[in-house]
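Welcome to this short tour! Open your viewer, get your selection tool ready, and follow along stop by stop.

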Amino acid sequence: MSDTRRRSSLIACVAVLAIAAFLVLSSCATKGPRRIVVAVQELPLRLDPVRVSRPIEENACELLFDGMVNVVANDSGSATPALGLAESIVQDQFDRSLYRITLRKAAWHDGRQLCSGDVVSSFAAYVDPANASTRREYLLGLVSSVEADGERGVLVRFREPIAEFRAWYVLTFKIVPREYRGTIMPADRSGKEGEAFAVSPVGTGPFRFASRRNSEIVLDSYPSAVRGAPASRGIVLRRIVGSKERIAALLSGKVDLIADTGPLDRPLLERAGDVMVQSYMPQAFYSLAINVRRSELSSPEAREALVRAVDRAALVPGLTDRSSGVEFCCGPFPDGLLTRVLPEYFRQGFPNRLPRAQALAAHLAETSGLAAYGRRSSDSFSEAGLAIAYPKSWGEFGARLSLGLTAELGEAHIVAHPSPLPDADYAAAIGSRSFELALVYHEGYDNLYSGISSLYRSSSPENETGISDAQLDKLLASRDGAVEVTDWIRDTLAVHDRVSVLAPYVPLFCVEKDIFYRGLSGVLIASDNPFLTSEKWVQAAAE
Amino acid sequence: MAKYVSATCIAIAISLAISSCAVFRSPAQRAQALIEEGSRLFSAGYVAEAERTWAGIPDSEKREEYTAYAQAYSAYDAAVSRAEKALSSAGPEAAMAAVSGAGAIPAAPTAVVAPDPLGAAARLDRVATTAGAALASRAASAESSADGSLIKTRTGAIADRVAAASKAVDGYIEAARLYRSAGDRAPEAGAGASRSSSKAAKAEELHKALLKESLVSFSDRMGEVFARSPADTKKLDDKALLAFNAETDSLIRHALAEFDQVVAAYPDLIDPTKAEKLRLSASSLSARFARIEGAIKATKNRGRPVMPLLIGIFNPQPGDSQRSRPGSFTGSSVSGSDWWWGIVDIPKGLAQDLVITMSDNRPVRVYAAGQGSSAGKTASDLVNPLFKVGNSWPVLNAGERLENGIFHIEVGPGLSSSYSGEAVVYKSFVVRTR
């Protein structure tokens, strides 16, 4: 072999080895942790826990922020409180309404050290009426003051002696920094500083904000997080509006997890063998909104006819007639609310004030003129009878549910028909109250359904039915301010009764919600917030 | 004796002389002679003889004047003698009273009579001066003692402070009285009486203020009594427990009676509505003893009692009629279970929680009546594990779930032998998990 040929062979060998090494290293690199992509129906507008107004915003803040106490998913799948930014929480043994909290040595995502002033300013922000925080009344009802006690000490004084197990839950409000971009944040966060923070926030959570585009928000892992360094490189929230498109993205590997799913999506995904599913009963419910401002639906008798006509179990065969995974509503709250959140206080659910009674429903429909209206052509819609609007994005579920309702109403001689609308048109119809009947889904409530008042308050922008009742307004205000269980039970039962009389909705049901994911480990869904264990999520291949 | 014999002889001679003269003198002359003779005797200290002489004065008016004077002086002298005797035997107060009783020395009807031939006035003055000085000294001592009592009103338990104030008031009143008794015989008495009276008035104001404070804090103090604990709970059998319960009941009833007495004695001290509220608060405590007694007798296999045995909602605000303290217990166990029991007092319809908090992380179970100890085969632990935080074990809605409010605590073994725990009742507040 000549030198030239030997040299050529040597060069070739080196090149092969180099290519092989590159391929091996590339292979290793692809198996390392990467960002996990989560498909969501909508992106959070604001990432400020003080001012969140949508479920996705509340959930996303779990990725970015900590409370002094965090709600975590324990090994048995239950959501329980655990120390977060607090290193210790000590109840004063004399009056038992004072809690002394020592904060951990922790740093914000921008490098500044966490201090007691952050907690004090956070509380001030939550209770500032300008921020319209959903936690304001609850916190003010229980906490009288939050004060700094040295650099890392915080004194939280409750209005009355309170047991530790209840105080810890109150201390779960997320802590936001006192300083942002070198300046002190005002308590009123509705100005430009607050808006800037909500767009590009700084927290202490396991993920830190990296970037935002129209269709996605990118969060990087924060290795110094008090919950421990995340197992993944980060999380991407990617907006994919359509249910089918989200499923397709999961199956094609473009996303790792779907947080927003429909009740009938499971069969579609069960066919793909490697898709994992975890289900939970969300704090959410479906109902049929009645536009009470329309003359034919303005009488309580007409609305009672609608409520009494419906057999909820018969609405979507295969889903609503299951023995588990579905819970009916006979009023404004799911029937199991009391027995679920207060099992020590209740052994049975709400009394059903308007049980199904087809003959009575038919009679009421006749006497109220609803039946006669239904037999005429609708003013607004081409088909005869009452139009049941629903968003087309609900797909098969919307179609089957509206058909089921049409059939149930028909048995009571109330003529109705499904009216699928493009999502934007549907939203516009709800917003302008230009519908007759509309299927609605309300979600994102806390365990007590505290936010439900906004659906019924006379002046609320979220009052889609147009119901206006001074007595109900008063009851809702009392319930919103109730912090003692005795008062809360009294007010909740009173609201249930009054709403049953007014009947602005045909209450329907809650169904289990599914979270689908592929190739991930460490996922544990314990509540409406899928991100409780997000710092443990990791691609199975990267483990 | 010789003095009396010679006086009698003189009197006989004088009588003979007078008799012989009488034959020759007018009645006026005879009267004048008797007056002079009596005066001479009186001035010589023979008061009784003088009286007898003056008794012979024919002019009834004159006779009365002179004999009355002699009698008055004799009485004055006797009073002085009593004062002297009182000073030596009954003390200065009695002496001063006798001095006052003696009054002023009678005025002599004529210049020929030497006043106070027996020196009674001077003797009386000596008695008064000596007694006055002694009284002023006692007054100063009483005042000083009251000052000491006043200092004791500044600190200590409210009942002791009230007693000290009362003692100070009494002391100053006594001092003022003694100073006044001393009168002008002691130079400092006038100022002392005035000063002590002023101090007495101020002490009385303080006494009332303390009494009011005592009334207002009554329910708190009764709460303390209710929450008292026997010295040794380890050997507290049923008999001892019942006795302790009865004793506490008695203490509260006794205090209640005292409360009523004070309210009756000082009706303006506290608003009647408030007084009734406080009274009812203490009465309700007292009424609970029957419940405790019933529970002790009825409940079997219950373990040792937490103290206080019956607990209501915890509230440390002073004056709050609902105030209650934790039921506490201490023990030692490294293997097996220890059993404790107590009673919650939760009004029907109110959502309140019982929380058992331990000093360490040993396990705890809580059962309703009849399910503890050896009766435990159907026992159902009432602790909600979802809400367990740290070493606190909560029983939610305890009032509804514990029959007659009776609870049994099963304390499991821990790493260390000794442990302590508390049973506390809290209001049930709603918790939001989002």
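**Stop 1: a residue in chain A**

Select A:I388: this residue counts as buried because it has 25 C-beta neighbours inside 10 Å. (Buried means that 20 or more other C-beta atoms, placed from the backbone, lie within 10 Å of the residue's own.) Before going on, note that this is a predicted model, in which local features need pLDDT of at least 70, side-chain atom pairs count only at pLDDT 80 or more, and totals for chains, interfaces and linings use all residues. Residues are numbered from 1 along each chain as its sequence is written, while chains are lettered from A and ligands numbered from 1 in the order in which they are written.

(Strands are DSSP runs of E with at least two residues, helices are runs of H or I with at least four, and both are numbered from the N terminus.)

Which residues is A:I388 in contact with, leaving aside its neighbours within four places in sequence? Among them are A:S402, A:L405, A:H417 and A:L439. (In contact means C-beta atoms, placed from the backbone, within 7 Å.)

**Stop 2: where the chains touch**

Next, show chains A and B together: 35 residues from chain A and 27 residues from chain B take part in the contact. On the chain A side, look at α5(A), which gives the largest share, five residues.

**Stop 3: chain B**

Finally, select domain 1 (14–118) and domain 3 (222–298) of chain B, whose bounds come from an automatic or database domain assignment. Their centres, taken over C-alpha atoms, are 74 Å apart.

How values were computed
Contact = placed C-beta atoms within 7 Å. Buried ≥ 20, exposed ≤ 12 C-beta atoms within 10 Å, placed from the backbone.
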